[in-house]
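Here are some notes to read beside the model. Keep the structure open as you go through the points.

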There are 2 protein chains.
Amino acid sequence: VSFVGDATGGGEFGAIERLAGLFGGLGPGEVGIGDDAALVAVGGGSVVVAADALVEGVHFDLSVLSLADVGWKALAVNLSDLAAMGCVGTRAVVTVSGLDADGVASLYSGISDASAAFGCPVVGGDLTGGPCVCVSVTVLGSGAVLPPPVLRSGARPGDLIWVTGALGAAAWALRRGVWSAALARPVPRILEGVAARELGATAMIDVSDGFAADLSHILDASGVGCSLTRLPIADGATMADAVGGGDDYELIICGPFDIGPGLSNRGLAAIPIGSVVGDPTVRMLDGAPLGREGWTHF
Amino acid sequence: VSFVGDATGGGEFGAIERLAGLFGGLGPGEVGIGDDAALVAVGGGSVVVAADALVEGVHFDLSVLSLADVGWKALAVNLSDLAAMGCVGTRAVVTVSGLDADGVASLYSGISDASAAFGCPVVGGDLTGGPCVCVSVTVLGSGAVLPPPVLRSGARPGDLIWVTGALGAAAWALRRGVWSAALARPVPRILEGVAARELGATAMIDVSDGFAADLSHILDASGVGCSLTRLPIADGATMADAVGGGDDYELIICGPFDIGPGLSNRGLAAIPIGSVVGDPTVRMLDGAPLGREGWTHF
């Protein structure tokens, strides 16, 4: 999720609320600060746009991930933000600071692998020196889709809730300080997001900060609660990894019953985990209160 | 200029040439890595997009500029990139790392001032911790304009060359380590860029790396040379500041004679400085060879 989406409580949440108040001037149908991606009217069309930065020492450790992994991940997590709107990122711009020419080449080998895998060429950006490695990616995609992009705010009582895969694998690797594909080469759930939008999803988000934190964004934005019966946990991971670990990049999908069979019919995974309830104070997982566990970036 | 435009020779130039070779997949009429901004087909329309990062210790010194200045400048230099295409940035996304909540608030006071001044609201982005301050901005604008956005590659022998203002003021302040409006609060030449495009400009760039470096980008991309008679120098600045200092954010405009009176009739400054010649090896200023002076970011 973007900052826009990184409202995980605490300092950042307040900062983002203040930021959202600074900027007016959006037209009807546009969506600004406060979701996984923005939806803007530019150039005669409708564009979804998301931006996320990865910073050494905060988001990655170069003793575990290679620079190529970081490049892949930087593009993938942004495409995940668009997937959480039910949209496909098709063009990217990238700014990189703090790497020498060899470092840039390594980083870009991973960016270009992800670009080829997901059909999203880099069209511009910036290279600069600097005392720390910071990779900032912005992705653009078409917002001119029907039904329109899926926001966080549309979940309704009675909706079912799915996740697109098991949770906690990245947190497990991060905890052990070992390389894993889940941590290094996440695959954005683009097909799942687009299909869920087409099938009538009412709210979606990707699991980046942590399942409980990210589901809370949907519940808060929609003014609802949840009753969950189970969570699929990745092999080796603990329930704590799955609930609060983050970096999974699975999608949480809310919507009517037919989404489940609809995704299955397309060969896409959708694991039902519970349902949306009307009382926003009810947030339960397997009979216990669900917290807001997740990673605060700020 | 963006990276894309930061090809100022040396390591960065080679890196950018390699990067441009990594990404295919653009459609007809799209422009990728290699100009001030990219031009992409997204969402049913045509979008110009530019991205530049400002990094503490590389692009700014917080003992001279305030965080609010940095915020203003980060948005302004990106709008300058779009102005150099003859386009107007109307939406921005911003990623910020390495600032606490108070720092973010200060930075955003400047971003929001520039946003209001130039009509470009921030619609999303990311806030994150980190060991150094890095502000990365991406701006979007309409590429669905006629005549189309102005590239660097269109300068033709016989074109005249103008700049939109005196050069060297920012370099002068930077050299002295003092605050100046030129350094802290640059004003992108949006009206000038749009008017020059409408009047038939054949090539444009903004002066960010240094006049000689940036003009060289046009000459290289267009396969032409230049014969310059003079350069307007800012009060107090030296010829070296004006030729190689950078950070001016004036536009260099190439095109037919009528652009000069056309801009004047609209009350916009355009100072003629010479003309384009066919021989790409001829690059003269006031009878002396023009170097490629400019700031290499990389």
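1. Start with helix α2 of chain B, residues 67–83. This helix has 17 residues. From first C-alpha to last, α2(B) reaches 24 Å, close to the 24 Å expected at 1.5 Å a residue. Bear in mind that the model is predicted.

2. Is α2(B) mostly covered or mostly open? Mostly covered: 17 of its 17 residues are buried.

3. Now turn to the aromatic rings. Over all chains, the structure holds four aromatic pairs. One of them joins A:Trp72 and A:Phe118. Their centres are 5.4 Å apart, with 70° between the planes. That pair is edge-to-face, because planes over 60 degrees apart count as such.

4. Where do the two partners sit? A:Trp72 is in helix α2 (residues 67–83) of chain A, and A:Phe118 is in helix α3 (residues 101–118) of that chain. They are 46 residues apart, so the pair links distant parts of the chain.

5. Check the burial of both partners. A:Trp72 has a relative accessible area of 11% and is buried. A:Phe118 stands at 16%, so this residue counts as buried too.

6. Look at chain B next. B:Trp72 and B:Phe118 form an edge-to-face pair, 5.4 Å centre to centre and with 70° between the planes. B:Trp72 belongs to helix α2 of chain B, and B:Phe118 to helix α3 (residues 101–118) of chain B.

Methods:
Residues numbered from 1 in each chain as written. Chains lettered and ligands numbered in written order. Predicted model: local features only at pLDDT ≥ 70, side-chain atom pairs only at ≥ 80, totals over all residues. Heavy atoms only, no water. Helix = DSSP H or I, 4+ residues; strand = E, 2+ residues; numbered from the N terminus. Expected span 1.5 Å × (residues − 1). Buried < 20%, exposed > 50% of the residue type's maximum accessible area, 1.4 Å probe, protein only. Phe/Tyr/Trp six-rings, centres within 6.5 Å; stacked < 30°, edge-to-face > 60°.
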